[in-house]
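Hi,

Here is the structure I said I would pass on.

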Amino acid sequence: MKKIDPSENELDPINLLKWYVSCGVDETTANSPTNWFDLPKDNHTEQDVKKTLLPVTSPVPQTLLSSHKENIEAAVEVATKAANLEELREAIISFEGCSLKNTASNTVFSDGNVDSDILLISEAPGAEEDQLGKPFVSSAGQLLDKMFGAINMTREQNFYIINLLPWRPPGNRKPTVAECEVCLPFVKRHIELFKPKLIILIGGTSANSIMNVKTGITKLRGKWSKFKLDDQMIPMITIFHPSYLLRQPQFKKLAWQDLLSIKEHLESQKSD
Ligand code: URA
């Protein structure tokens with residue numbers, strides 16, 4: 001392979017991109033570049049770097065606020081017009097108000113049994129989901145299937161899965177608050193059209209967005225609450241995200257307690 005010297009080609013954007021790729025930089029992770037040389041030189045902590053890289057909890061910048069509001073309004077408008085799940089899928093595919101769509105390969109809408117009563121809401125597609133256009137096909141998806149398999153539930157028969165975001169955040173970074181806000185109207189409409197009898201929130205990002213709270217997953221998991229759907233209150237529980245459990249297997253014990261709580265809830269519904 002021809003060696004690329006960036007100093008010879010610095011004004012040519014194609015060569016610059018080739019140089020990045022040859023260095024292993026093959027994905028963008030945010031909408032705007034970060035000038036790492038502008039970071040405070042002394043004493044910058046890992047926390048500073050994270051803040052710069054991932055504006056997850058920071059407010060939307062003032063300059064972007066009006067278009068952010070417009071994007072949310074547009075999402076509410078098109079989501080509300082969707083009369084069924086197929087129309088909602090089309091509305092999401094044609095929506096231009098979330099820049100994640102520009103870097104994603106596919107829109108990931110849902111998987112599982114659309115005629116079931118149980119809705120799982122997770123965070124966002126990863127690389128494999130983005131390639132296949134289906135949620136939870138990766139190792140996290142395999143663990144999810146095993147977790148629910150342990151209480152005799154399968155996605156083919158017993159539940160339906162969606163994500164808060166239908167598009168993969170580049171490099172699997174955590175979605176920003178703004179991205180979650182823009183996609184939330186679609187999730188709310190998805191809930192209205194699917195009409196679940198039980199909602200299971202997978203992981204802290206999904207739970208914080210749906211419940212509009214800022215609470216850590218270790219406090220949220222296993223707690224039952226209600227989602228207001230028209231005049232009904234739908235039971236809702238949060239569980240650990242399987243990717244988190246793959247990284248922190250010591251929490252599988254707690255995840256098992258939460259699954260047993262779900263099983264108990266479902267059994268109590270049958271006997272009512
Ligand atoms: N993680 C998620 O939250 N959703 C997926 O679809 C895959 C991984």
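This is a predicted model: local features need pLDDT of at least 70, side-chain atom pairs count only at pLDDT 80 or more; totals for chains, interfaces and linings use all residues.

Residues are numbered from 1 along each chain as its sequence is written, and side-chain values use heavy atoms, with hydrogens and water left out.

**Ligand site.** His241 puts a polar side-chain atom 2.8 Å from a ligand oxygen. The backbone takes part too: an N or O atom of Glu123 lies 3.1 Å from an oxygen atom of the ligand, and a polar backbone atom of Ala124 is 3.1 Å from a ligand nitrogen. On its own the ligand has 240 Å² of accessible area (Shrake-Rupley method, 1.4 Å probe), and the protein covers 94% of that.

**Cavity.** There is 1 cavity of 30 Å³ or more, meaning a set of points on a 1 Å grid over the protein atoms alone where a 1.4 Å probe fits but cannot get out. The space in the largest cavity is about 70 Å³, a volume being the space filled by probe spheres set on the points. Its lining (residues with an atom within 4 Å of a point) includes Ile92, Phe109, Asn163 and His190. Strand E3 (159-163) and helix H8 (177-194) are the elements that give two or more residues to it, with H8 supplying the largest share, 4 residues. Helices (H or I, at least four residues) and strands (E, at least two) are DSSP runs, numbered from the N terminus. The lining divides into 9 nonpolar, 2 polar and no charged residues.

**Aromatic pairs.** I count 6 of these, with ring centres within 6.5 Å; planes under 30 degrees apart are stacked, over 60 edge-to-face and the rest tilted. Phe148 and Phe159 have ring centres 5.0 Å apart and planes at 50°, so this pair is tilted. Phe148 sits in helix H7 (residues 139-149) and Phe159 in strand E3, so the pair ties together parts 11 residues apart in sequence.

Conventions:
On a 1 Å grid over the protein atoms alone, a cavity is a set of points where a 1.4 Å probe fits but cannot get out, and a pocket is an open set with protein on both sides within 12 Å along at least five of seven lines; lining residues have an atom within 4 Å of a point. Ala, Val, Leu, Ile, Met, Phe, Trp, Tyr, Cys and Pro count as nonpolar, Asp, Glu, Lys and Arg as charged, and the others, Gly among them, as polar. A polar contact is a pair of N or O atoms within 3.5 Å; within protein, one must be able to donate a hydrogen and the other to accept it, and residues adjacent in sequence count only if both atoms are side-chain atoms.
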